[in-house]
Amino acid sequence: MTRTRGSAVLLATMLAVSACGGSPAPDTGGQQSAKEFSVALTEPDHLTPGNTSSNYSITVLQALFDTLVVIDPKGQPQMRAAESVTSDDQKVWTIKIKPGQKFHNGEPVTAGSFADAWNAAAYGPNAWTNNYYFENVEGFDELNPEAPEGSDTAPKPKTDKLSGLKVVDDTTLQVTLSAPFSQFPITLAYTGFAPMPKAAFTDLAAYDVKPIGNGPFALDGEWVRNRQIKLKKFDGYAGPRPAKSAAVNFKIYESRDTAYVDLRASKVDLIQAIPPASAGEAKRLLGDRFVATPSGTMDYLGFPNFDKRFQNADLRKAISMAIDRQAIVDAVFNGTFKPMSSLVAPLVPGYRENACGETCVFDKAKAKALFDKAGGFSGTMNLYFSNADPSYEQWMTAVANQLKDNLGITDIQFRKIPAADYLSTLREHKQDGPYRNNWVMDYPSPQNYLETMWGEGNRMGWKNKEFNDLIDQANSAATMEASIPLYQKAEDIALSEMPMIPLWNWQDQGGYSDKISGVQIDAYSPNLDTITVK
Amino acid sequence: MRYALHRLLQAVPVFFVTTFLIYAMVFALPGDPILALAGDKPLPDEVLYTLRERYNLNDPLLVQYGLYMLHAVQGDLGQTFTGQPVSELLQGRWGVTAQLAVTAWIFELVVGIGLGVIAGLRRGGITDTAVLAGTTFVIAVPVFVIGYTAQIMLGLNLSLFPTAGVDEGWPVSYLLPGMVLGSFGLAYVARLTRTSLIENMRADYVRTARAKGLRRRRVIGRHALRNSLIPVVTFLGVDFGNLMAGAVVTEGIFNLPGIGQQVFQSIQLQEGPVVVGIVTVLVMIFILVNLLVDLLYGVLDPRIRRG
């Protein structure tokens with residue numbers, strides 16, 4: 001039975017693809033296939049909003065779901081499914097939902113649709129990836145009881161509802177947080193906070209392959225694993241961004257290189273990740289159809305502050321000043337990344353171009369002087385990174401050479417760790433030298449960077465009470481504007497102690513075919529709804 | 001018949017030892033597969049515990065393997081870390097790899113033997129030299145270089161073949177990847193056929209056949225070539241394993257959603273059940289192919305059958 005259905009889908013796919021594959025095919029698909037475009041994608045892990053944090057899944061979910069809030073290209077929150085998100089004390093939030101919105105199966109979108117989805121994500125035994133996003137909602141601990149000392153198994157929670165979520169009426173949801181959090185509205189833009197219809201909960205496994213959302217596109221048929229995910233325009237959509245095309249076909253690729261070849265062969269219309277090595281060529285070939293988007297992703301060099309050889313702040317600063325970021329960016333990333341002198345990415349509100357001052361500026365003489373003042377470094381310096389991408393080794397080698405030439409540290413070794421082992425190494429504080437730390441932004445708030453990476457229990461083993469206090473103050477500030485100066489003060493402390501060095505900010509490089517127009521990729525969404533097919 | 005049965009029975013311990021070794025190897029890979037699921041983000045302890053328990057990752061190796069086999073004989077190969085049943089995952093993929101392997105095999109067989117015969121009969125000539133040089137080149141260059149080059153030259157620039165994917169079905173979508181995958185084996189088949197043919201052409205029985213006044217075609221076809229094919233058939237049998245290994249690279253380059261891609265992904269994600277599930281079937285296929293090869297010897301040379 002399954003097999004028959006599978007081959008029927010495959011057959012349909014083959015027909016659809018051959019119909020839009022160039023030659024003027026007989027008019028079997030009607031106008032539908034003519035107004036369809038394709039997007040290269042890597043196989044997603046899940047399509048349940050609460051259970052995935054992978055970029056690939058999110059690309060699809062952003063077309064399928066309308067979240068309460070979205071972030072505009074300036075990094076400011078804008079209402080989408082919500083009419084308003086307000087609070088007097090930053091602790092109890094009232095979310096008003098726009099009436100008249102529907103799921104793809106016709107079910108109305110209500111406050112309950114959000115509460116159900118969030119409860120499911122926060123419920124420990126479901127083991128969904130986005131579980132920790134609900135950590136600051138009251139009642140989270142009851143849904144995630146801790147394992148008793150010495151045991152690997154946690155007891156089953158007594159409830160499956162967050163006590164902090166209250167459905168007041170169909171269009172009003174009240175959220176009580178465990179502590180004031182001024183950035184709450186921004187976090188709601190994350191797809192992990194999308195609503196789910198009642199129909200989803202009868203069979204969550206089926207929903208994961210065939211999600212029902214409330215966005216401008218609906219799933220068309222099943223997710224054909226490793227091949228494609230087809231979406232079609234949702235005619236019942238009442239929101240602010242109706243789809244301009246009739247359908248999107250996500251074609252799943254194993255390798256970025258192959259996807260890029262297919263873009264050149266006009267077999268796929270949009271790719272969001274051109275391999276860095278092909279970027280120069282792509283720029284030349286695609287012209288205006290080459291898109292570079294600044295991203296929220298940053299690379300850092302962290303120090304094991306729990307290791308006594310790295311406890312001198314001057315030593316850490318000297319290492320920062322000895323690294324010529326621009327030279328590495330030019331050599332390894334074709335000059336596309338941006339050297340950083342700030343802990344947060346440029347697109348985050350509150351970013352200051354030169355927050356770090358001279359400590360992040362390459363200066364061989366000053367670096368050496370500071371290094372000697374700090375007593376130098378003896379023994380072997382181990383540099384840690386994972387083997388997930390060949391470019392990590394390239395830039396780490398460049399860093400090692402600069403430390404050798406500029407500070408005279410001669411004994412440097414590389415510790416290249418299997419990707420699956422890297423994070424547990426850092427988590428367990430097994431690194432005894434500088435290591436690559438990377439952060440992919442969840443939402444554009446300084447809090448997302450500072451608290452997650454420099455806050456309590458951080459990988460560097462760095463402790464600073466003043467920093468933590470400032471973060472708390474900022475989190476409970478009356479408005480987002482008022483929180484920014486406080487986050488900046490906290491950033492200043494982290495920079496003056498330098499437990500982790502900012503290196504560079506990433507850029508995403510995409511491109512599209514001449515078949516489509518209206519491409520508006522930004523750091524927050526590929527905005528597939530704005531694309532029209534010529 | 002008894003011979004065939006004997007061979008099949010031999011396969012049983014081979015089967016268990018192989019699957020256990022594979023399971024142990026995946027088990028021994030460094031790193032925590034569950035932690036790696038979340039990328040750079042933290043996973044709450046509760047989620048970690050639940051997932052570890054769900055996949056029996058807290059148990060000792062032998063218990064894990066035992067549980068796996070117990071379920072496997074009941075037809076349940078378990079599920080991936082993203083919750084997809086392994087049997088469903090593999091179902092869709094075998095077809096792709098089988099079509100790719102068959103395409104590559106036919107290519108090796110037809111073109112390889114063809115080139116070998118031509119080269120062997122014109123030993124030292126221009127054709128022979130060309131075949132020798134060409135095959136040396138193919139053997140020396142890694143598959144991914146040949147793959148990407150063929151994709152850009154023949155797929156993109158000349159548009160002779162689709163660049164990637166299986167949208168156009170068999171054989172169109174499989175021709176170029178099949179040729180790339182088969183190129184290495186082809187080079188060997190051509191060289192083996194050539195050498196073997198040259199040797200056999202000098203053998204007594206061929207001279208006798210010629211002396212009897214048989215036509216050249218018949219001498220080569222019925223006598224020399226038939227004997228020359230024995231080492232070639234052995235190679236083609238063994239090569240089936242190579243094809244599977246090469247499929248990992250080829251399927252990656254040409255974006256074919258087959259078994260090779262899956263093995264690669266699953267090893268990276270340390271998904272023991274998936275890797276073992278695939279390898280189990282591969283081991284069975286390998287045993288079967290070798291059995292067929294042994295039986296084919298008998299057809300090519302009746303002396304082997306009697307002995």
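In chain B, B:Tyr205, B:Val206, B:Ala209 and B:Arg210 of α9(B) touch B:Val219, B:His223, B:Ala224 and B:Asn227 of α10(B), where contact means heavy atoms within 4.5 Å. By class, five of these residues are nonpolar, two polar and one charged (Ala, Val, Leu, Ile, Met, Phe, Trp, Tyr, Cys and Pro count as nonpolar, Asp, Glu, Lys and Arg as charged, and the others, Gly among them, as polar). This is a predicted model, in which local features need pLDDT of at least 70 and side-chain atom pairs count only at pLDDT 80 or more, while totals for chains, interfaces and linings use all residues. Residues are numbered from 1 along each chain as its sequence is written, chains are lettered from A and ligands numbered from 1 in the order in which they are written, and side-chain values use heavy atoms, leaving out hydrogens and water.

How do these helices lie? α9 (residues 204–211) and α10 (residues 216–253) of chain B pack at about 175°, with axes 10 Å apart. The two are therefore roughly antiparallel (angles over 145 degrees, on a scale from 0 to 180 degrees between N-to-C directions, with axes fitted to C-alpha atoms over the stretch in contact). Helices here are DSSP runs (H or I, at least four residues).

Now turn to the chain interface. Chain B gives 48 residues to the contact and chain A gives 47. The rule finds one salt bridge across it (a side-chain nitrogen of Lys or Arg within 4 Å of a carboxyl oxygen of Asp or Glu). B:Asp167 and A:Lys251 form a salt bridge through their side chains, at 3.6 Å from N to O.

Definitions and conventions
Parallel < 35°, antiparallel > 145°, perpendicular 65-115°, else oblique.
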